[in-house]
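Here are my notes on the model, as numbered points. Please read them with the structure open.

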Amino acid sequence: MCGIVAYLGDENAYPVLIKGLKRLEYRGYDSAGVAILKENDIALHKCKGKVSDLEAHIGDASTDGTVGIGHTRWATHGPPNDINAHPHVSGDGELAIIHNGIIENYSTLKEELINRGHKFESDTDTEVLAHLIEEVRSNTDVDLFEAVRISLNEVVGAYAIVVMDRNNPNQLIAAKKSSPLVIGIGEDGTYYVGSDATPIVEYTKNVVYLEDEEIALMDRQTGLKIKTIQNREKTPYIQELELHLEALEKGGYDYFMLKEIYEQPRSIRDCFRGRMNLQKGMIRLSGIENFEDKWTNAKRILIVACGTSWHAGLVAEYLFEDLARIPVEVEYASEFRYRNPIINEDDIVIAISQSGETADTLAAIKMAKKKGAHIFGVCNVVGSTISRETDSGCYTHAGPEIGVASTKAFTAQVTVLTLMALTVAQKRGTISPERLHRLIAEINSLPDKIEQTLASNDQIEFISEIYKDASNALYLGRGFTFPVALEGALKLKEISYIHAEGYPAAEMKHGPIALIDEEMPVFVIATQGQSYEKVVSNIQEVKARKGKIIAIVTIGDTEVKKLADHVIEIPKTDDVLVPLVSVVPLQLLSYHIAVMRGCNVDQPRNLAKSVTVE
Ligand code: M6R
C-alpha cells in the first residue's frame, strides 16, 4: 500500500514524478504529494485525493527542480487529509521523506522525540521517521546517509523510504524493509525510484531491487552505493527489466479492468506457452522439475493466500486432490501466520499472490520456511518479494494487472495451478496418459473458449442493467465452481459496493435461503458436468422462493433455460477447467453493474491493489 517515486537527474523532476504516481495509484489513492528541490528550497505540494487532485491543487505553481520525491497514500495512521499526505518534512525543514509501510514502534519513538522538544504536525508514523533522522543528525557528526542508516536501526516495522536533503541536490537516499523498492539506473548519474518498476520502465531497463534492511545512496557524481543498515557494504545487483510500456496503458478501453478481462485469452496462452507439449502430452514446469522428490513425496500441500488469490487456492485444492491425490489445505495467510499451525518438513507450501508483495502471505511463508517446509511461489510480478523469498515457483505471466479488482491474474493463477497439478499427477502416476493428453488439448483450446465467452458481452451488459440496483446478491456454485461463486461475489462487492455472498449451492438451504425473495438476484454456475443435476435442484429451490436466477450454463443447455430468468452460455469444457471459463461472465457482470452505478471501477473506495500492511 502507498506508492513511492523519486527522481534525480538533469530533467525536471515533476513530470517524471506525476507520471510515476499515476502508474502507482493502484497502491492507494487517499492523498498524493510531491517535494521538489530547487536552490536549497523544498517546494512541497500535497493534498487529499487522487493524483489528478494534486495536479489541480498545484495548478500554475512552480514545480521546477531536477530532484524530487512523490507519494500516493493508502491511509494507515491518521485520516486521509492534506496534513497526513506525504512527503513529510523534518522539524528543521532540512529533509523531506516519503514512506510506504508501517513503523510499528512509532508511538514510543514519537513520545521520546516530543520529550526532546520535537513538534509534530501530522498523525502519521512517517513524520516520526523524519524527526528521528533529524535528531540523530543533530546529535552526531554524520552525514545524512549515516543518519538515516543509524535511525533505521531504531525502527520496528516495515518501510520503503526515500529521503531528500534540502542542502544536497546531488543525492537521494532510499532504504527498504518488507515493503518493495526498485531503483532505476539511467545515464550520467540519473536515478529513478519506484515501489515497483512501472514508473521507471520508460526511462531505463537497468534496475536494482533493494533487499530488506538495505540502504542506498544515489549520487550524481559517485554513483550508487548500497549498504545494509548494519553497515555492511553490498555490490548492487543490476537486473534487466522485462516489463513493456504498452502493457501499462489502457489501450482504448474505458477502464483497465475491462482491458484486463479482454486480455484473458492472451494471458492464459502466455501462461501455458512453452510449458505444455501437445504432441507428446507432457507438461514441464522447471520449478517442479528441480524439486521433483519434494513433490512426489509430499505428504500434504498447504496453500496460503489472500482475497482472489485465496479463491485460486481453493480451485487448486480441488485440482491437486482430484488429479494428484495429495491432501491440500487452503489457508487465509492472515489466519495461518498467527495460529501456530502444524507444518512439517515434507509439506509443500504454495504461496499465491498476484503482486508478490502481500504482507500476510509473505509473513506466512517466512514462518513456514523456518519450520522446514518447501516453499513454492505462484506470483505475477516478476522480481517481487514473495517470488524472491520462495524456494522455487512459477510465474503466471499475466502481464501487469492495474485494475484493483483482480481478473486476468486469477485466471492465470488457476492456469498455472492446473499445470502444476497435472505435472505432479504425471510424476506420481495418478493420471492416465490419455486423460493427461485430453486435458492438455483442452487447456490449449481455452483461449478460444474464453474469446467465445467474451462475445456475450452485450447480453451480459443487458442483464447488468436489470440487476444494477440490487442491494444484495447470492452466488452459487458446486465442486470446482464453488470458488468461482466466491470470486464472483467478491468482484461484485469490491467494485459496485453491492453486498454479495458466495456459497456452495447445497449449503444454501442451511441458512442463506432465508434471504431469498423476488428482489434477490441469484447467480448460479450451472454448467454440465458432475454436479449438474444437483445444481438444477438448487435452482428449483430458489425459484420456489421467487428468487431471480441468472445462470451460467453450457452452450445448448435446455433444462436450466426453462427455470432461469436469464442464462449466459459458455462453451463446454472439462469439469476441472470450468472455473477458467465460467468466471469470465461474472467478471463482466460486476464490471457493467459498477459502471452503471457510477463507481470508479479501477480504484474502488478504501482498497489498494497491493496490501503491504497486515
Ligand atoms: O497481490 P495478491 O494476489 O497477494 O493480493 C491478494 C488480494 O489483496 C487481492 O486478490 C484482492 O482480494 C483483490 N482486490 C481482489 O480483486
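1. The axes of helix H7 (residues 264-272) and helix H16 (residues 446-454) come within 8 Å and cross at roughly 170°. Axes here are lines fitted to C-alpha atoms, for helices over the stretch in contact, with angles from 0 to 180 degrees between N-to-C directions. H7 and H16 are therefore roughly antiparallel to each other, the term for angles over 145 degrees. Helices (H or I, at least four residues) and strands (E, at least two) are DSSP runs, numbered from the N terminus.

2. This is a predicted model: local features need pLDDT of at least 70, side-chain atom pairs count only at pLDDT 80 or more, and totals for chains, interfaces and linings use all residues. Residues are numbered from 1 along each chain as its sequence is written, and side-chain values use heavy atoms, with hydrogens and water left out.

3. Which residues make the contact of H7 with H16? From H7 come Gln-264, Pro-265, Ile-268, Arg-269 and Phe-272; from H16 come Leu-446, Pro-447, Asp-448, Ile-450, Glu-451 and Leu-454 (contact means heavy atoms within 4.5 Å). They divide into 7 nonpolar, 1 polar and 3 charged. Ala, Val, Leu, Ile, Met, Phe, Trp, Tyr, Cys and Pro count as nonpolar, Asp, Glu, Lys and Arg as charged, and the others, Gly among them, as polar.

4. The chain is divided into domain 1 (3-247), domain 2 (251-451) and domain 3 (455-603), with bounds from an automatic or database domain assignment. The C-alpha centres of domain 1 and domain 2 lie 34 Å apart. Their contact takes 13 residues from domain 1 and 10 residues from domain 2.

5. Between domain 1 and domain 2 about 960 Å² is buried, 51% of it from carbon and sulfur atoms. Buried area is the accessible area (1.4 Å probe) that two parts lose on being put together, summed over both. Tyr-26, Tyr-209 and Ala-247 lose the most area in domain 1, together 41% of what that side buries.

6. Domain 1 and domain 2 share 2 salt bridges, a salt bridge being a side-chain nitrogen of Lys or Arg within 4 Å of a carboxyl oxygen of Asp or Glu. Asp-212 forms a salt bridge with Lys-366, with the closest N and O atoms 3.7 Å apart.

7. Two backbone items deserve a look. A cis peptide bond joins His-86 and Pro-87, with omega about 0°. Asn-40, not a glycine, has a positive phi of about 55° and is found in the loop between strand S2 (31-38) and strand S3 (41-48).

Definitions and conventions: Parallel < 35°, antiparallel > 145°, perpendicular 65-115°, else oblique.
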